[in-house]
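This report covers the ligand site of one protein and a few points of its backbone geometry.

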Amino acid sequence: MTAPRRLRGVIEVPGDKSISHRAIMFNALAEGSATISHFLAGADCLSTISCMRALGVEIERAGEQVRVHGVGLRGLREPADLLDCGNSGTTLRLLTGLLAGQAGMFAVLSGDTSLRSRPQQRIVAPLRALGAVLDGRQNGDRAPLMVRGAAIRGGRYELPVASAQVKSALLLAALSGSGPLVLNGRTDGRDHTERMFSAMGLDIGNQAGTITFTPPESRSPQPLSLRVPGDPSSAAFWWVAAAIHPDAELTTTGVCMNPSRSGALEVLRAMGANITIEHERNEGGEPVADISVRSSNLRGTTIGGALIPRLIDEIPVLAVAAACAHGDTLVRDAAELRAKETDRVETVANGLDALGATVEPTGDGMGLTGGASLRGTTLDSHHDHRLAMTWAVAGLVASGETRIEGAEAVDVSYPGFWETLNRIAES
Ligand code: S3P
């Protein structure tokens, strides 16, 4: 690709990945059927559908419209084969929690090379403490993971990392357990599970960062039909593209504005981006809005602390914004980047360096020197969807030609990304 002269357009970003996964899994455990519209039909969420089907759940899908026929809390069937979670950490971790409390069930969960290299002790240790019977390679730290459904007790657990996947795995185990689960510590990861549990009639609350969940005595959750809001992690590519391109105006419609997901927008604002937020409304139990971004004069910033879990998936593309800004940017407290689909400290720093930016990786983030004139080159997605899209955004302002190897990785979270890019780029 080469840099287009102008960027113009209105983009309806695909459904949110985290909410799409949860809408399938949680409705599978409900008593009754639910319809999910604007479902993200990306490879990750399709892995969740195929795993739930393998557990005996009937799921009909026509494009972005899905109907889930819940089997209730006790209705899942033991899978006949390994559950393939593909590239999806959310599928693997949430399903492991869910299956841990399914007495009598035996299941093995695995996935692609990237997923099998990611740490799982973060779910395995606390699930074991609640009574789960689990194992895996490296004493349970790497998939394949095996689960033997067991009686889950309630208890108290202090979350050491702000991970919504860990929080959700524990809540899903507790759902078929016998006593209340109290979570404190880093409960500040995205809160879609808590919102959806509550909308399905379950007893969950958050008091000053302490989450208390009391499992239902014998009832299953109520089915929840919803329209999935647009994914802010997908919209962020267009926000950065518009902010760094000299002649741009892009509008993303129906984007989820949940405060646990809106950190990237706040950082771009702090960097001086020209952003308009309109039509704020509610969809699927989440706040949504239309967001327009125009060409901007960005300045460097510091991204760290409590902001990190609110924008962790957007850091690769924010690093491109930082490279194009005036002044320096520091990303810190983001060691979690190293546990994503790739080690995103290394992969992002290497790619930006190849593009001609000055970037210094650190243990928990990176330092970036702004003001770079990016030069097109050949970049690798390393099969990481967010890297493929990050390099596409860089290619919108880089001189010469940018080539992205493994560009098809976008299908994991954003099918149609390249078609949208072609539509909004005017040469
Ligand atoms: C997700 C939580 C985050 C995020 C991932 C999706 C979820 O991971 O990076 O893309 O749906 O719960 P962590 O829980 O590891 O922070």
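## Terms and model

Ala, Val, Leu, Ile, Met, Phe, Trp, Tyr, Cys and Pro count here as nonpolar, Asp, Glu, Lys and Arg as charged, and the others, Gly among them, as polar. This is a predicted model, in which local features need pLDDT of at least 70 and side-chain atom pairs count only at pLDDT 80 or more, while totals for chains, interfaces and linings use all residues. Residues are numbered from 1 along each chain as its sequence is written, and side-chain values use heavy atoms, with hydrogens and water left out.

## Shell around the ligand

The ligand is surrounded by 13 residues (a residue is near a molecule if one of its heavy atoms lies within 4 Å of it). Ser18, Arg22, Ser163, Asp313 and Lys340 are the closest. By class, the shell holds three nonpolar, four polar and six charged residues.

Domain 1 (6–15 + 229–426) and domain 2 (17–220) each supply at least three residues of the shell; the domain bounds come from an automatic or database domain assignment.

## Contacts and burial

Polar contacts are pairs of N or O atoms within 3.5 Å. An N or O atom in the side chain of Ser163 is 2.6 Å from an oxygen atom of the ligand. For a polar backbone atom of Ala164, the distance to a ligand oxygen atom is 3.0 Å, and for a polar side-chain atom of Thr90 it is 3.4 Å. The protein buries 95% of the 390 Å² that the ligand exposes when taken alone (Shrake-Rupley method, 1.4 Å probe).

Two or more shell residues come from each of α1 (17–28), α3 (89–100) and α7 (164–175). Of the elements, α1 gives the most, with three residues. Helices (H or I, at least four residues) and strands (E, at least two) are DSSP runs, numbered from the N terminus.

## Backbone exceptions

Most residues other than glycine have a negative phi, and most peptide bonds are trans. Gln138, in helix α6 (residues 137–140), has a positive phi of about 50°. His279, in strand β15 (residues 274–283), also has a positive phi, of about 55°.

The peptide bond from Ala143 to Pro144 is cis, its omega near 0°. Pro144 belongs to strand β8 (residues 142–148).

Technical notes:
Polar contact = N/O pair within 3.5 Å; in protein donor to acceptor, adjacent residues only side chain to side chain.
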